[in-house]
Amino acid sequence: GGAAKEAFSGRTMFIFAAIGSAVGLGNIWRFPYVAFDNGGGAFIIPYLVALLTAGIPLLMLDYAIGHRYRGSAPLSFRRLHPKLETIGWWQLMICVVIAIYYALIIGWAMQYTVFSFSKAWGSDPAAFFMNDYMKVSDQVTIGFDFIWPVFIATAIAWLVLLVVLMLGVQNGIGKLNVVLIPLLVVMFLIMVGMALTLPGAAAGLDALFTPSWSALGDSSVWVAAYGQIFFSLSVGFGIMVTYASYLKPRSDLSGSALVVGFANSSFEILAGIGVFAALGFMATASGTQVSEVATSGIGLAFIAFPAIISQAPFGTLIGVLFFGALAFAGFTSLISIVEVIVAGVRDKLGLSRPAAVSLVVLPLAVISLLFFPTTTGLNLLDVVDAFVNNFGIAAAALISVLLLTSGFTALPTLRDHINSVSSFKLGRTWMIMAGGVTPVILGYILIDQLTKTVAEGYNDMPQWFVNTFGWGMAVGIVVIAYLLSRLPWSRRTGDGFTS
Ligand code: LEU
């Protein structure tokens, strides 16, 4: 028995939702600075290698798991093999960590959409963001000094999320994406078009695309590329497993993965072009180098863009389109992150949707609001984002793939499952990529990155802070995942699997 399984009405709905999840802050807020920091034009090589060897093959793997075993991440992995349940909870815990900081950035984006009208940041957007807006404390620590406007914006994001998730898979998640994704694409295309016509745009594109080849020898660049691909495609932490479990039995899986994978990367490169065209304008207008204006890492979108908005013709329109698109893109991704947790908790405890949504969203919102819209939230965001991406997602992906290839002989079963429903058939190449190439590369870069971060620390931050919120968080979620896997399942879920 068990509660009737919810579903998307069709493959189009699913593809919109999957693109909605993939296209997010990662594409607009993260990709441009990651690409710029990691070799500029040369980054395209590790990026494409990561997309083709790991991103798309693992996207198909995620789809296959969710679609064949028809459950949340913990339930699907359990049905695959009872010993694998912990992997599902580990992926779910990664979503918990991402959700609590992701909502903050959506809050910023909503607020900056409004700021675009008054150009609230004045003549020094960097000082505004750090000192007036986020009031960043000069001590790297945890404090509960709330910044109320940011708190309220973040709370609004959580509230809307609560409502949409209550509406369910088809009427909430599906419909929201069908409306927001086309809107987002149109807004973004207009924004990029406007940015490209600004004087100096070419200088920005030069800066982004001029390759620094030496970067290719640096393993951290490869880590960044794989991390970016996993994050950006929403691969390896339960999202695509969950969404695919809502797909009707006969649905083209590999074809959908190709559509989603290429749509996501196209959007990402478009975002890079738009952001750097705008940076080129800003550098030209202020008579400096693009590298001078693009050095602000996390703050790129919230420091560089405001300056552009203040100076460019039709700046307010650029601002509304850019920050509005950022908020929409972020929101359709946050939905998918939180749905992983809702689905897992729901399956395990045998709850109704409203009960599971309340049980998940309320505590998450409280944690998110306690730690992030504060004067110390920005450094915490930096550490948590780096560790969950560079270690959490990569390590979880590595271990899942290793387990699926060794001992459990799951890959051939999953390939056959994909081929039985899909137009694009998978052969040996897929098995070699997913089961051979990906784990070797992931294993290498993980070890290299681990030794480096252990030896050098992270970003000159105090060691206790990195130990607690970086390493401690990364290890802590694995322990929690294991404990959750030990809890009994609700009898209502009927987690046995026969086929
Ligand atoms: N894929 C999303 C993005 O690019 C992130 C994910 C965690 C949902 O922002």
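Helix α2 gives the most to the shell around the ligand, contributing three residues, where helices (H or I, at least four residues) are DSSP runs numbered from the N terminus. The model is a predicted one, in which local features need pLDDT of at least 70 and side-chain atom pairs count only at pLDDT 80 or more, whereas totals for chains, interfaces and linings use all residues. Residues are numbered from 1 along each chain as its sequence is written, and side-chain values use heavy atoms, with hydrogens and water left out.

Of the 15 residues around the ligand, those that come nearest are Ala-22, Gly-26, Tyr-102, Phe-231 and Ser-234, a residue being near if one of its heavy atoms lies within 4 Å of the molecule. By class, this shell has eight nonpolar, seven polar and no charged residues, with Ala, Val, Leu, Ile, Met, Phe, Trp, Tyr, Cys and Pro counted as nonpolar, Asp, Glu, Lys and Arg as charged, and the others, Gly among them, as polar.

Polar contacts with the ligand (pairs of N or O atoms within 3.5 Å) include one in which a polar side-chain atom of Tyr-102 lies 2.6 Å from a ligand oxygen atom, and another in which a polar side-chain atom of Asn-27 lies 3.2 Å from an oxygen atom of the ligand. A polar backbone atom of Phe-231, in turn, is 2.8 Å from a nitrogen atom of the ligand.

The structure also holds nine salt bridges, each a side-chain nitrogen of Lys or Arg within 4 Å of a carboxyl oxygen of Asp or Glu. One of them joins Glu-6 and Arg-346, with the closest N and O atoms 2.9 Å apart; this pair links distant parts of the chain, since Glu-6 lies in the segment before α1 and Arg-346 in helix α15, 340 residues apart.

Key. Polar contact = N/O pair within 3.5 Å; in protein donor to acceptor, adjacent residues only side chain to side chain. Helix = DSSP H or I, 4+ residues; strand = E, 2+ residues; numbered from the N terminus.
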